[in-house]
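Please read them with the coordinates open.

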Amino acid sequence: MPELRRHYFLEEYCIIASERSKRPSDFPVARAVPGDEKTCPFCPGNEEMTPASVAVYTDKGVLSLGPERVPGWQLRVFPNVFAAMVSSPMPATPEWIALPGHGHHEVIVDSPLHRENPADFSLGHLEHLLLVYRDRYVHYSNLDEVKYISIFKNWGKEAGASLSHSHSQIITLPILPPLMKREQEAILQSSFCPFCNIVERERTSCRLIAEDEHWLLIAPFYSLAPYETWILPKRHLCNLAEIKELERKSLAVLIKKVLGSLRSLLDDPPYNFMIFQQPFGYHLNIRIQTAVSKIAGFEKNTGIYINSVPPEQAAAELSELCKSTISPKG
Ligand SMILES: [Zn+2]
Ligand SMILES: [Zn+2]
């Protein structure tokens, strides 16, 4: 029987349709041919094909407002040409409200190598990427008009990546998104943090995939997508700016493990990697949702996702692979 599962602490549901339970091989990925390095705006040497960088990171550190061509960059940040946010809204009418879509949209080219798979990033490079996420988060959280900072990575065409060269994105909003608002309200109204509670309970559940001293990797009870995973800090941290160096190092290890395991299990699936964080009153978490099943009429009609892989099965398969993926020295 399909199970209607409730979100951990919100009035949200998903359906775990275990009788349609699928194996990893049931999710074939239509592979896009990677674009050409010569015409790729994210490749080193093609910097003039994008807007000017706002930050360029090399092994020696960050060069803010650096020149367009910095040899040997590891990561590069620039405004998105096709920004999702614009500054001039439609005038409001009595019927409809259009708020100024005032926001920022940035691209982080997170590898200088055209065909590098994020699962192959070195631990040092992943730590560097986490530092860039932190820097940009801190930068935007100091701006009054910014109410939310969305940091995410789409990997694979089906997950929304328009270019095959690995990159992350940052979009800021002048409002708090409803889901985040409701999660934060639930935390503030509760006598304990519901996420701390998830950490405590899932540590001993069959949905635990891996853990270390600082972090927990689980297939959440409330899983919207096949093989969805969440990474949660054991300490009650609100955002990436509060992470200590050791915690960042161990987070990089866990990210490498989960990306490597997903790649082996599902043959390099498309996915969305999303950071959920707030300046205060929240519990940082990272959610990785595969884009291997279609969002169709039922989901759009009800807001309820059907997931054909029980998270308990996903955790069992992923935890086996995590054990063998890498040693902490990777
Ligand atoms: Zn490229
Ligand atoms: Zn907490």
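1. A site residue to start with. This is a predicted model. His236 has a relative accessible area of 37%, so it is partly exposed. That value lies between the 20% limit for buried and the 50% limit for exposed. Cys196 is also partly exposed, at 26% relative accessibility.

2. The zinc ion (ligand 2). Which residues coordinate the zinc ion (ligand 2)? They are Cys193 and Cys196, through SG, and His236 and His283, through ND1. Distances run from 2.0 to 2.4 Å. The 4 donor atoms subtend angles of 106 to 114 degrees, so the arrangement is tetrahedral. Along the sequence, the donor residues follow C-x2-C-x39-H-x46-H. Cys196 and His236 tie distant parts of the chain together, 40 residues apart. Cys196 sits in helix α3 (residues 194-202). His236 sits in the loop between β11 (229-233) and α4 (245-266).

3. The zinc ion (ligand 1). Here the coordinating atoms are SG of Cys40 and Cys43, and ND1 of His114 and His165. They lie at 2.0 to 2.3 Å. The angles subtended by the 4 donor atoms span 99 to 119 degrees, which makes this arrangement tetrahedral. The spacing along the chain is C-x2-C-x70-H-x50-H. Cys40 and His114 link distant parts of the chain, 74 residues apart. Cys40 is in the loop between β2 and β3, and His114 is in the loop between β6 (105-109) and α1 (123-141).

4. Are Cys40 and His114 buried or exposed? Cys40 is at 5% relative accessibility and therefore counts as buried. His114 has a relative accessible area of 7%, so it is buried. The cut-off for buried is under 20%.

5. Asn46. This residue is in the loop between β2 (13-16) and β3 (55-58). Its relative accessible area is 12%, so Asn46 is buried. Beyond residues up to four places away in sequence, Asn46 touches Glu37, Lys38, Thr39, Cys40 and Pro41. Among these contacts is Cys40, a ligand of the zinc ion (ligand 1).

6. Strand β7. Residues 148-155 form β7, and 7 of its 8 residues are buried. β7 has pairings with β8 and with β12. With β8 (residues 167-173) the pairing is antiparallel, over 5 bridges. Ile151 stands opposite Ile170 there. With β12 (residues 271-276) there are also 5 bridges, and the strands run antiparallel. In that pair, Trp155 faces Tyr271. In a regular strand, side chains alternate between the two faces of the sheet.

7. Asp268. This residue lies in the loop between α4 and β12. Leaving out residues up to four places away in sequence, Asp268 touches Val29, Arg31, Asn117, Trp155, Leu262 and Arg263. The C-alpha atoms of Asp268 and Pro28 are 9.9 Å apart, although 240 residues separate the two along the chain.

8. Nonpolar cores. How many residues does the largest nonpolar core have? The count is 53, and Tyr133, Tyr227, Ile231 and Leu251 have the most contacts inside it. α4 gives the largest share of this core, 10 residues. A second, separate core has 16 residues, including Tyr148, Phe195, Leu232 and Tyr282. Nonpolar side chains tend to be buried together in soluble globular proteins.

9. Leu251. Set aside its neighbours within four places in sequence. Leu251 is then in contact with Leu130, Trp215, Ile231, Leu240, Ile243 and Ile286. One of these, Ile231, is also named among the core residues with the most contacts.

10. The chain as a whole. The protein chain has 6 helices and 14 strands. Its radius of gyration is 20 Å, close to the 20 Å from the globule rule for 330 residues, so the chain is as compact as a globular protein of that length. Along the principal axes, the C-alpha atoms fill a box of roughly 60 × 55 × 40 Å. Buried residues make up 52% of the 330. Of the contacts between residues at least 6 apart in sequence, 67% join residues at least 24 apart.

Conventions:
Residues numbered from 1 in each chain as written. Chains lettered and ligands numbered in written order. Predicted model: local features only at pLDDT ≥ 70, side-chain atom pairs only at ≥ 80, totals over all residues. Heavy atoms only, no water. Buried < 20%, exposed > 50% of the residue type's maximum accessible area, 1.4 Å probe, protein only. Helix = DSSP H or I, 4+ residues; strand = E, 2+ residues; numbered from the N terminus. Pairing = 2+ DSSP bridges. Donors = N, O, S within 2.8 Å, 3.2 Å for Na, K, Ca; no water. Tetrahedral: all angles 85-135°; square planar, octahedral: opposite > 155°, others 65-115°. Core = buried A, V, L, I, M, F, W, Y, C linked by side-chain atoms within 4.5 Å. Contact = heavy atoms within 4.5 Å. Rg over C-alpha atoms; globule rule 2.2 N^0.38 Å.
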